[in-house]
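Visitor: Please take me through one part of this model in detail. I would like to look closely at the ligand site and the packing behind it.

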Amino acid sequence: MTATCPVSGAAQPLPEYPMARAAECPLAPFPAAEQLRAEQPISRVRIWNGTTPWLITRHADQRALLTDPRMSDDDLNPGFPYVNQHRAAVAPLSPRMITNTDAPEHTRLRRSVNAPFVVKRIEAMREPIQQMVDRLIDEMLVGPKPADLLTAIALPVPSLVIAQLLGVPYEKHEFFQRFAGTVLDSSASPEEIREVSGKMSAYLKNLLDEKIADPADDVMSEMGGKVKAGEMTHTEAVHMSTAMLIAGHETTATMISLGTLALFQHPDQLAILRETDDPKVVGGAVDELLRYLSIVQTGVRRVAKEDIEVGGVLIRAGEGLIFDLHAANWDPETYPEADRLDIGRPARNHQAFGYGPHQCLGQNLARLELQVVYGTLYRRIPTLRLAADISDLEFDHTGTTYGVKSLPVAW
Ligand code: HEM
């Protein structure tokens with residue numbers, strides 16, 4: 001799993017991106033991206049529509065470029081390197097929101113939702129999340145064996161948490177889960193996506209009206225207050241809620257399931273977690289697993305608004321850039337023995353949440369959810385184990401996040 005993971009053979013003139021993984025090292029970065037990081041850390045790749053954006057693979061280069069104001073996240077700018085044909089088709093129809101705007105519009109939208117995500121407010125959710133995780137584990141323990149960790153724990157936790165954060169009634173969480181699953185499913189048809197998106201947006205519009213009329217202590221009510229004060233529009237508040245729902249669901253679910261798989265592959269590290277109740281150890285494990293797995297496999301995408309020279313390379317205005325987070329998080333200049341999962345290493349400066357102004361809004365919440373799950377699951381079920389051969393697991397190679405389609409576990 002560690003020292004034997006290969007880098008690819010002869011360098012291709014222009015590799016296709018996303019790249020292939022090595023079957024024998026399913027949790028490692030794309031071997032070809034690792035090779036580029038070593039030999040040509042800013043180089044061109046070819047994507048689905050034949051265009052050739054730059055691939056940025058080093059940790060330091062990513063930091064410099066992702067904080068450079070000449071980079072744009074606005075996918076209406078010519079040259080933006082869309083992830084796939086569907087994203088290219090919907091970009092002109094998509095509302096302007098936190099995920100596709102630059103400063104100053106992005107700064108205003110982001111400020112309007114920053115408050116609920118500060119550490120102190122998120123920390124107040126620890127106890128309710130703990131109760132939720134304990135209840136889901138209780139339910140799994142009385143159910144059939146093997147259980148699918150994905151459906152038993154990994155998927156319900158983020159949908160329940162986001163529903164609670166936004167102030168959505170509990171009964172609606174399955175509807176939330178279905179919505180996020182369809183929107184992120186690369187095999188879903190545009191019609192299916194349009195249909196669930198229409199239903200979700202109608203539901204959230206009504207809910208926002210209810211929160212404006214009768215506010216409670218939740219994020220939707222807070223946005224409702226801003227709508228009333230003229231600081232954001234009703235439509236922006238609905239889109240913001242949708243963004244949180246999509247961005248916070250599959251990512252966290254994947255970290256729960258793939259993180260558990262990585263620990264099954266590293267029994268020494270799992271043993272440390274099983275035996276500790278030290279929040280520092282658990283917190284360190286969360287960041288190390290985020291670094292090690294760097295699950296956003298389509299990379300972070302930008303387009304240059306002006307010419308930029310970096311690392312001896314001239315990136316011209318209108319050229320696209322893809323930031324391969326996994327390659328950067330395995331950069332040996334930043335992380336010695338980067339291919340080793342070591343929950344004791346200082347990993348907090350990883351880029352699994354991106355970097356710069358668009359760095360993940362929900363990272364404190366995601367960390368908390370993972371701390372509670374990793375800090376509870378293996379201690380409560382010390383015999384938890386993979387109930388399949390790793391070679392029989394089906395990995396999702398096409399979704400925004402890299403994960404397993406199910407994770408059979410027994411105890
Ligand atoms: C382990 C879980 C998560 C991972 C790995 C993750 C990863 C990321 C990454 C890489 C970005 C940067 C995208 C870019 O720069 O283009 C991002 C942005 C974002 N994330 Fe997360 N995320 C996670 C959980 C969450 C949660 C729980 C929420 C919300 C409740 C959330 C909400 C957002 C939002 C709204 C953005 C857009 C921020 C902006 O553009 O300013 N994420 N996330």
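Guide: A nonpolar core here is a set of buried Ala, Val, Leu, Ile, Met, Phe, Trp, Tyr and Cys residues, joined through side-chain atoms within 4.5 Å. Buried means under 20% relative accessible area. The model is predicted.

Start with the largest nonpolar core. It has 95 residues, and Met-140, Phe-176, Leu-258, Leu-261, Leu-293, Leu-384 and Val-409 touch the most other members. Helix H12 gives this core its largest share, 14 residues. A second, separate core has 15 residues, among them Val-310, Val-313, Leu-321 and Phe-323.

Take Leu-384 as an example of the packing. Leaving aside residues up to four places away in sequence, Leu-384 touches Met-140, Thr-260, Phe-264, Leu-377, Tyr-378, Val-409, Ala-410 and Trp-411. In soluble globular proteins, nonpolar side chains tend to be buried together.

Now follow H12 itself. The helix has 32 residues. From first C-alpha to last, H12 reaches 47 Å, close to the 46 Å expected at 1.5 Å a residue. H12 is mostly covered, with 25 of its 32 residues buried.

Six residues of the shell around the ligand come from H12, the largest share. The shell holds 25 residues, and His-106, Arg-110, Arg-302, His-358 and Cys-360 come nearest to the ligand. By class, 15 of the shell residues are nonpolar, eight are polar and two are charged.

A side-chain N or O atom of His-106 lies 2.6 Å from an oxygen atom of the ligand. For Arg-302, a polar side-chain atom is 2.8 Å from a ligand oxygen atom. Ile-98 takes part through its backbone: an N or O atom there lies 3.2 Å from an oxygen atom of the ligand. The elements that give two or more residues to the shell are helix H4 (105–114), helix H12 (234–265), strand E5 (300–304) and helix H16 (363–380).

Ser-294 sits in the loop between helix H14 (279–293) and E5. Its phi is near 30°, a positive value in a residue other than glycine. Ser-294 is buried, with a relative accessible area of 3%. Glu-337 lies in the loop between helix H15 (325–329) and H16. Phi of Glu-337 is near 50°, again positive in a residue other than glycine.

Notes. Residues are numbered from 1 along each chain as its sequence is written. This is a predicted model: local features need pLDDT of at least 70, side-chain atom pairs count only at pLDDT 80 or more; totals for chains, interfaces and linings use all residues. Side-chain values use heavy atoms; hydrogens and water are left out. A residue is near a molecule or strand if one of its heavy atoms lies within 4 Å of it. A polar contact is a pair of N or O atoms within 3.5 Å; within protein, one must be able to donate a hydrogen and the other to accept it, and residues adjacent in sequence count only if both atoms are side-chain atoms. Helices (H or I, at least four residues) and strands (E, at least two) are DSSP runs, numbered from the N terminus. Ala, Val, Leu, Ile, Met, Phe, Trp, Tyr, Cys and Pro count as nonpolar, Asp, Glu, Lys and Arg as charged, and the others, Gly among them, as polar. The expected span of a helix is 1.5 Å times one less than its number of residues. Buried means under 20% relative accessible area, exposed over 50%, partly exposed in between (1.4 Å probe, protein chains only). Contact means heavy atoms within 4.5 Å.
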